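Subject: Structure handover

Hello,

Here is the structure we talked about handing over. Please open it alongside this email.

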Amino acid sequence: MRVGQSSQQIYYLLRWSSLADREKKWAALQGDADWLNTRRDTERNGPIVASVTNVLLTPTRYSTLQ
């Protein structure tokens, strides 16, 4: 980490039944009027998120996420 950068990070772990299901639900969220209004309102004075990184993970065979 470089000096001056924020160390604040939020992680979300989400479960999808398939990559197609993920794409469908992500597209629905991006077009949701409530989400768009909330985002507009919270970013009225500028973006509150500097960057977003998506990582797709596969549960191990012993994972409780199976």
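Below is what was found in it, starting with the ground rules.

This is a predicted model, in which local features need pLDDT of at least 70 and side-chain atom pairs count only at pLDDT 80 or more, while totals for chains, interfaces and linings use all residues. Residues are numbered from 1 along each chain as its sequence is written, and side-chain values use heavy atoms, with hydrogens and water left out.

**Overall**

The chain has 2 helices and 0 strands. Both kinds of element are DSSP runs, numbered from the N terminus: helices are H or I with at least four residues, strands are E with at least two. Of the 66 residues, 5% count as buried. Buried means under 20% relative accessible area, exposed means over 50%, and partly exposed is in between (1.4 Å probe, protein chains only). The accessible surface of the chain is about 6,800 Å². Carbon and sulfur atoms hold 54% of that surface. The areas come from the Shrake-Rupley method with a 1.4 Å probe; for residues, only the protein chains shown count as cover.

**The two helices**

Helix α1 covers residues 19–31, and helix α2 covers residues 33–42. Their axes come within 5 Å and cross at roughly 60°. Axes here are lines fitted to C-alpha atoms, for helices over the stretch in contact, and angles run from 0 to 180 degrees between N-to-C directions. The pair α1 and α2 is therefore oblique. For the cut-offs, under 35 degrees is roughly parallel, over 145 roughly antiparallel, 65 to 115 roughly perpendicular, and the rest oblique.

On the α1 side, the contact uses Leu 29, Gln 30 and Gly 31. On the α2 side, Ala 33, Trp 35, Leu 36 and Arg 39 take part. Contact means heavy atoms within 4.5 Å. The residues of this contact divide into 4 nonpolar, 2 polar and 1 charged. In this scheme Ala, Val, Leu, Ile, Met, Phe, Trp, Tyr, Cys and Pro count as nonpolar; Asp, Glu, Lys and Arg are charged; the others, Gly among them, are polar.

**Arg 22**

Arg 22 sits in helix α1. Is Arg 22 buried or exposed? Arg 22 counts as buried because its relative accessibility is 15%. Leaving out residues up to four places away in sequence, Arg 22 touches Trp 16, Asn 54 and Leu 56. The side chain of Arg 22 also meets that of Glu 23 in a salt bridge (2.8 Å, N to O). Glu 23 has 43% relative accessibility, so Glu 23 counts as partly exposed.

**Salt bridges**

A salt bridge is a side-chain nitrogen of Lys or Arg within 4 Å of a carboxyl oxygen of Asp or Glu. Side chains of opposite charge can pair when their charged atoms come close. The count comes to 5 salt bridges.

Which residues are linked in a network of salt bridges? Arg 40, Asp 41 and Arg 44 are. Asp 41 pairs with Arg 40, with the closest N and O atoms 3.2 Å apart. Asp 41 also pairs with Arg 44, here at 2.6 Å. At 38% relative accessibility, Asp 41 is partly exposed. Arg 40 is partly exposed at 49%. Arg 44 is exposed at 58%.

**Segments outside the helices**

Tyr 12 is in the segment before α1. Tyr 12 counts as exposed because its relative accessibility is 69%. Tyr 12 and Asn 54 are 42 residues apart along the chain, yet their C-alpha atoms are separated by 9.8 Å.

Leu 57 is in the segment after α2. With a relative accessible area of 65%, Leu 57 is exposed. Leu 57 and Arg 15 are 42 residues apart in sequence and 9.7 Å apart in space, C-alpha to C-alpha.

Best wishes
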